Structures are given as structure tokens and as C-alpha cells.
Amino acid sequence: MVVENVTMAARLKGISGDPFNGICTSNVTIQLAKTKNVPWTCTDIAGISTDGTLAPCDLLPDQGEEKIGACTFPEDSLPIEDVKVQTCSYNRKKRLSSREQSKANNVILQKLYLKHCVLIKTLNKGATTSQIQK
């Protein structure tokens with residue numbers, strides 16, 4: 001992978017006390033734009049890197065070119081790879097003025113608030129969330 005003129009190489013954040021493990025970057029070329037930003041931000045992660053041009057954070061130590069195969073990627077396909085992305089479009093015939101849009105947003109918020117109140121009252125009466133129908 002080659003990226004050019006970026007202000008940050010990566011921001012990798014795991015969960016405190018339960019870091020994301022097994023991160024591996026291989027053959028990544030990064031050219032930074034002139035910036036004062038830190039190129040890598042890494043917290044609560046663990047892994048390795050191989051054959052990169054911009055040194056990664058300390059939590060991804062470089063294994064060198066001799067270990068370029070150190071990143072073993074799964075060969076099995078994941079179910080997400082078979083998902084068909086559906087597209088839709090929406091054409092608004094009339095553009096609302098900011099006042100009309102604000103009014104429409106308030107109506108939506110009021111409806112959400114009322115649904116929330118009904119849900120809270122139902123739960124307070126002892127119903128479980130599985131008993132509440134949409």
C-alpha cells in the first residue's frame with residue numbers, strides 16, 4: 001500500500017485493559033505532508049510491522065525485510081465479504097428553507113421523545129424489552 005501527502009499515518013486505539021492484538025502491517029509506504037502532527041498514534045494495541053518506509057509506533061515493532069512473511073493473513077473468506085451492498089437514492093422535490101427544516105426537525109425530535117417516554121413508562125411497569133413491540 002502506498003499513501004502520499006497524508007497528515008497522519010494511523011490512529012490505532014484499543015480498549016484499555018483489553019488491547020487489540022495481532023495487528024500486522026506489511027509493505028506500507030507512507031509519505032507525510034508537512035505537518036506538526038505525530039505520524040502514528042497507538043494506544044492499547046499490540047502487533048508487528050514489516051518492510052515499511054515510515055517507522056510505526058513502538059507498539060508495532062519493525063521485524064525487518066527478512067520477516068516480510070511474518071504477517072500471516074487468513075485465507076478463509078469472512079461472511080462480510082459476501083454481503084451485497086444495496087444502494088438507494090432520494091430526490092427531494094422542494095428544498096426546505098432553514099426555518100421549514102428546523103420545524104421538521106423539531107417534529108421528528110418530539111416524536112422520538114414521545115416514543116422514548118412510552119418506552120420508559122412501559123419498562124417502569126415491569127415489562128421487559130423483549131415484550132415491547134415496535
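## Model and conventions

The model is predicted: local features need pLDDT of at least 70, side-chain atom pairs count only at pLDDT 80 or more, and totals for chains, interfaces and linings use all residues. Residues are numbered from 1 along each chain as its sequence is written, and side-chain values use heavy atoms, with hydrogens and water left out.

## Overall fold

Helices (H or I, at least four residues) and strands (E, at least two) are DSSP runs, numbered from the N terminus. In sequence order the pattern reads β-β-β-β-β-β-α.

Contact means heavy atoms within 4.5 Å. Take the contacts between residues at least 6 apart in sequence: 54% of them join residues at least 24 apart. Buried residues account for 11% of the 134 residues. Here buried means under 20% relative accessible area, exposed means over 50%, and partly exposed lies in between (1.4 Å probe, protein chains only).

## Nonpolar core

A nonpolar core is a set of buried Ala, Val, Leu, Ile, Met, Phe, Trp, Tyr and Cys residues joined through side-chain atoms within 4.5 Å. The largest one holds eight residues: Ala10, Val28, Ile30, Trp40, Cys42, Ile45, Cys57 and Leu60.

Trp40 is one of these core residues. Setting aside neighbours within four places in sequence, Trp40 contacts Ala9, Ala10, Leu12, Ile30, Leu54, Ala55, Pro56, Cys57 and Leu60.

## Disulfide

A disulfide is a pair of cysteine sulfur atoms within 2.5 Å. The count by this rule is one. Cys42 and Cys57 form the link, with their sulfur atoms 2.1 Å apart. The pair links distant parts of the chain: Cys42 sits in strand β5 (residues 40-43), Cys57 in the loop between β6 and α1, 15 residues apart.

The link of Cys42 and Cys57 is left-handed, with -90° about the S-S bond. Both Cys42 and Cys57 are buried. Both also belong to the largest nonpolar core.

Gln31 lies in strand β4 (residues 29-32). Gln31 counts as partly exposed because its relative accessibility is 43%. Not counting residues up to four places away in sequence, Gln31 touches Val3, Glu4, Asn5 and Val6. Glu4 is 27 residues from Gln31 in sequence, yet their C-alpha atoms are 4.7 Å apart.

Asn5, one of the residues touched by Gln31, is found in strand β1 (residues 2-6). With a relative accessible area of 62%, Asn5 is exposed.

## Positive phi angles

Asn5 is not a glycine, but its phi is positive, near 60°. Asn27 is also not a glycine and has a positive phi of about 60°. Asn27 is in the loop between β3 (20-26) and β4. Its relative accessible area is 41%, so Asn27 is partly exposed.

## Surface

The accessible surface of the protein chain comes to about 11600 Å². Carbon and sulfur atoms contribute 54% of that surface. Accessible areas come from the Shrake-Rupley method with a 1.4 Å probe; for residues, only the protein chains shown count as cover.

Leu78, Ile80 and Val83 form a nonpolar surface patch, with about 310 Å² of accessible area together. Leu78 is in the loop between β6 (45-50) and α1 (98-124). Patches are made of residues with over 30% relative accessible area and no salt bridge; like charges are joined within 9 Å, nonpolar side chains (Val, Leu, Ile, Met, Phe, Trp, Tyr) within 5 Å. A salt bridge is a side-chain nitrogen of Lys or Arg within 4 Å of a carboxyl oxygen of Asp or Glu.
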